[in-house]
Amino acid sequence: MSLKDALTLKNHKVVVDGTEVLLRRPSVADLAEAHIQTKKPETFAAWLLVNHLLDENGNKFFSNIEEVFDCDGRFAELICMEIDKLYGEGRD
């Protein structure tokens, strides 16, 4: 991960369980919204996916939280772990 890519919010490709996925890096606004969303633990992971998982064209993969609940939970959890890493970029 690159600090420059993080600061310029460059999308991040990562391989999750053998599948390449595209993630949108979090902005300062995302940090503020994430703080609010953590107060809703039952939907926080789904919010992360709706907000950060992109399709191959760079558009949001999910349009709402309800769509996330219909996908494979284990795969979604692995993607969320990668998104979480993006929130910590630049700390080290």
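Okay, so helices here are DSSP runs of H or I with at least four residues, strands are E runs of at least two, and both are numbered from the N terminus. This is a predicted model, where local features need pLDDT of at least 70, side-chain atom pairs count only at pLDDT 80 or more, and totals for chains, interfaces and linings use all residues. Residues are numbered from 1 along each chain as its sequence is written, and side-chain values use heavy atoms, leaving out hydrogens and water.

Let's start with Leu9, in the loop between α1 (3–7) and β1 (12–16). Its phi is near 60 degrees, which is positive, and Leu9 isn't a glycine. Most residues other than glycine have a negative phi. Leu9 has a relative accessible area of 35%, making it partly exposed (buried is under 20% relative accessible area, exposed is over 50%, and partly exposed is in between, with a 1.4 Å probe and protein chains only).

Next, Asp17, in the loop between β1 and β2 (19–23). Phi is positive here too, near 50 degrees, and Asp17 is exposed, at 65% relative accessibility.

Now, helix α2, residues 28–37. Which of its residues are buried? Asp30, Ala34 and Gln37 are. Looking down the axis of α2, these buried residues fall within an arc of 60 degrees (taken from the directions from the helix axis to the C-beta atoms), so they line one face of the helix. Over on the other side of α2, Val28, Ala29 and His35 are exposed.

And what do the buried residues of α2 pack against? They pack against α3 (44–52) and α5 (73–87), where contact means heavy atoms within 4.5 Å.
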